[in-house]
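Hello,

Here is the structure I promised to pass on to you. Have a look at it first, and then read my notes below.

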Amino acid sequence: MGFKFSFCYELNMWNKLSYSANQTARKLGMRATIWVDPAHVVHDVANIRTRKPKNVGGILDKLGVINKNTKNCNLFYRNRFIISKEDFVIRENIEKSEKFKLVQDFVDSQGNFANSIWYQKIVTELREHGSSKYKKITFRTENEIDDFFENYLTPICTSMMATGYDQNLASDVCKCYVSGDGELMKGENGRHRLAFAKALGVQRFPLTVFGVHEDWFSKRIGNKMDFAKLAEELKKLEIQFS
């Protein structure tokens, strides 16, 4: 009897831990994305690495050649959907971050971006170092900076202010994670879009749930993966945080 219980427990644990974040998002489809009031998203946890080795990665991991924190090794690892206490680390309060403060000041500049702290910061970096960088964009002239602010940032701000968040204008959806006590926390992608939404008071913003804390899953779903129940619980979170 004890052996049977132990075997079933291990099987259930394998069942729920075997699903990666990508697999779960694909299985849920549109149900993985919830629309919430961004004012309720307080903390940023960035990209949580709950990586489990896959294929040849398992061999390389055991040999100590790579580990889950090794850069550029996504080919050998996948992120689990269910996140352990050790991996679920809050990075910062979004509204206290430098990026949010730059966005808020940009919004407050009311279209005169040249007076914004963000613009002046990039221009100063360019003048002092010969170039400045934003994500994968490198600015080498002030005209390039002007073009970025006028044709990228300003339209985002103007559009959101006029009609709210338009998912058709974004290439991807911002990811989020659910903490142990059910709080929605910002993940990777769309950091500035979420910051703009918060600064402008936009009340509906899409978030794709890309992982949940193990305590929340155990309490709300149980000891094995149940996609129908998971979808129901995510819908409850959407209602709670809308």
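**Cysteines, a helix and a cavity**

Cys157 is buried, with a relative accessible area of 8%. Please keep in mind that this is a predicted model. Cys176 is buried as well, and its relative accessible area is 0%. What about disulfides? A disulfide is a covalent bond between the sulfur atoms of two cysteines. With a cut-off of 2.5 Å between the sulfur atoms, the count here is zero. Cys176, for instance, is in no disulfide: its nearest cysteine sulfur belongs to Cys174 and is 7.3 Å away.

Next, find helix α7, which covers residues 191-200. Just after α7 comes Gly201, with a positive phi of about 75°.

The structure holds one cavity of 30 Å³ or more, and the largest cavity contains about 70 Å³ of space. Which elements give two or more residues to its lining? They are α4 and α7, and α7 gives the most, with three residues. Among the lining residues are Asp44, Glu92, Lys99, Phe100, Arg191 and Leu194. By class, the lining has five charged, four nonpolar and one polar residue.

Definitions and conventions. Residues numbered from 1 in each chain as written. Predicted model: local features only at pLDDT ≥ 70, side-chain atom pairs only at ≥ 80, totals over all residues. Heavy atoms only, no water. Buried < 20%, exposed > 50% of the residue type's maximum accessible area, 1.4 Å probe, protein only. Helix = DSSP H or I, 4+ residues; strand = E, 2+ residues; numbered from the N terminus. 1 Å grid on protein atoms, 1.4 Å probe; cavity = no way out; pocket = protein on both sides within 12 Å on 5 of 7 lines; lining within 4 Å. Points joined across faces, edges and corners; volume = space filled by probe spheres on them. Nonpolar A, V, L, I, M, F, W, Y, C, P; charged D, E, K, R; others polar.
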